[in-house]
Amino acid sequence: MTSTISSPSPLDPLGLEPIPNDTRQRFLRFRLSGKNETLLPLEAIAEVRPLEIEDILPIPEISSSVLGVCNWRGELLWLIDLNMLVGDIPLWHQAPLLEEAIAIVVQLGQQSIGLIVEQVDDVELIEPELIQPQPDLCSSTLATFVAGYLPHHQGTVLDAKAIFEQSFQAPP
């Protein structure tokens, strides 16, 4: 009688089948306007950090969505009110007593900007094929920044590059 048990290979010492590649991508989930579930690809995010209001240095006569600048790793970081940029009510109009916000530092190439939001929820793994193309359900201002949607109200996926490009139309 011969046995059909295979001997373990050096690559698989336990004789198990290889684990399939994980194709899911990481997204940061946060809220816009205190209610909208929003996601941003983690690959574009350099850091998420709390930011006290007194750390923001206002810059006059620039785009109204630009809150100002702050020190980030020894350099100036432009801070953008993401609510206002996407055509919604500015963050401090919604939460006037907010003393600390969250800066999502988006980095593309050698440039960085800080997207200011009220709250960050979690990092999620999402299959890219679940992201649906953008339907005509949002305002034209928001549509500029939307990469797609997750079905069943699970969230709007924003395009980090579009946000970055629109943010720098008025600042330096």
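Biologist: What makes β2 and β10 a pair, and in which sense do they run?

Modeller: Strand β2, residues 36–41, is joined to β10 by 2 bridges. Pairing takes at least two bridges, so β2 and β10 qualify. The two strands run parallel. In β10, Val157 is the bridge partner of Leu39. The model is predicted.

Biologist: What makes β9 and β10 a pair?

Modeller: Here there are 4 bridges, in the antiparallel sense. The cut-off is at least two, so β9 and β10 pair. Strand β9 covers residues 146–150. Gly148 has Val157 as its bridge partner in β10. Val157 is also the bridge partner of Leu39.

Biologist: How many residues separate β9 and β10 in their hairpin?

Modeller: The hairpin has 4 residues between its strands. His152 sits in the turn, with a positive phi of about 65 degrees.

Biologist: What makes you say that both faces of β10 are covered?

Modeller: Take residues 155–158 side by side. Gly155 and Val157 are buried on one side. Thr156 and Leu158 are buried on the other.

Biologist: Which other residues have a positive phi without being glycine?

Modeller: Glu61 is one of them, with phi near 60 degrees. Arg73 is another, at about 55 degrees. Most residues other than glycine have a negative phi. Glu61 lies in the loop between β3 and β4. Arg73 is in the loop between β4 and β5.

Biologist: Why is Glu61 called exposed?

Modeller: Its relative accessibility is 83%. Exposed means over 50%, so Glu61 counts as exposed.

Biologist: And how do you know that Arg73 is exposed?

Modeller: Arg73 comes in at 58% relative accessibility. That is over 50%, so Arg73 counts as exposed.

Biologist: Why is Ser65 called buried?

Modeller: Ser65 has 7% relative accessibility. Buried means under 20%, so Ser65 counts as buried. Ser65 lies in the loop between β3 and β4.

Biologist: Which residues does Ser65 contact, neighbours within four places in sequence aside?

Modeller: They are Leu79, Ile80, Asp81, Met84 and Leu85.

Biologist: What makes the link between Ser65 and Ser63 a polar contact?

Modeller: The side chains of Ser65 and Ser63 are joined at 3.1 Å. The limit is within 3.5 Å, so the distance meets the cut-off.

Biologist: Which residues have the most contacts inside the largest nonpolar core?

Modeller: Leu40, Leu82 and Leu158 do, in a core of 28 residues. Several elements give two or more residues to this core, including β1, β6, β7 and β9. Helix α4 gives the most, with 4 residues. Apart from this core lies another, of 13 residues, among them Trp72, Leu79, Ala101 and Val105. In soluble globular proteins, nonpolar side chains tend to be buried together.

Biologist: Which residues does Leu82 touch, beyond those up to four places away in sequence?

Modeller: The set is Phe30, Leu32, Leu115, Ile116, Val117, Leu158 and Ile163.

Biologist: What share of the contacts with a separation of 6 or more joins residues 24 or more positions apart?

Modeller: The share is 55% in this chain.

Notes. Residues are numbered from 1 along each chain as its sequence is written. This is a predicted model: local features need pLDDT of at least 70, side-chain atom pairs count only at pLDDT 80 or more; totals for chains, interfaces and linings use all residues. Side-chain values use heavy atoms; hydrogens and water are left out. Contact means heavy atoms within 4.5 Å. Buried means under 20% relative accessible area, exposed over 50%, partly exposed in between (1.4 Å probe, protein chains only). A nonpolar core is a set of buried Ala, Val, Leu, Ile, Met, Phe, Trp, Tyr and Cys residues joined through side-chain atoms within 4.5 Å. A polar contact is a pair of N or O atoms within 3.5 Å; within protein, one must be able to donate a hydrogen and the other to accept it, and residues adjacent in sequence count only if both atoms are side-chain atoms.
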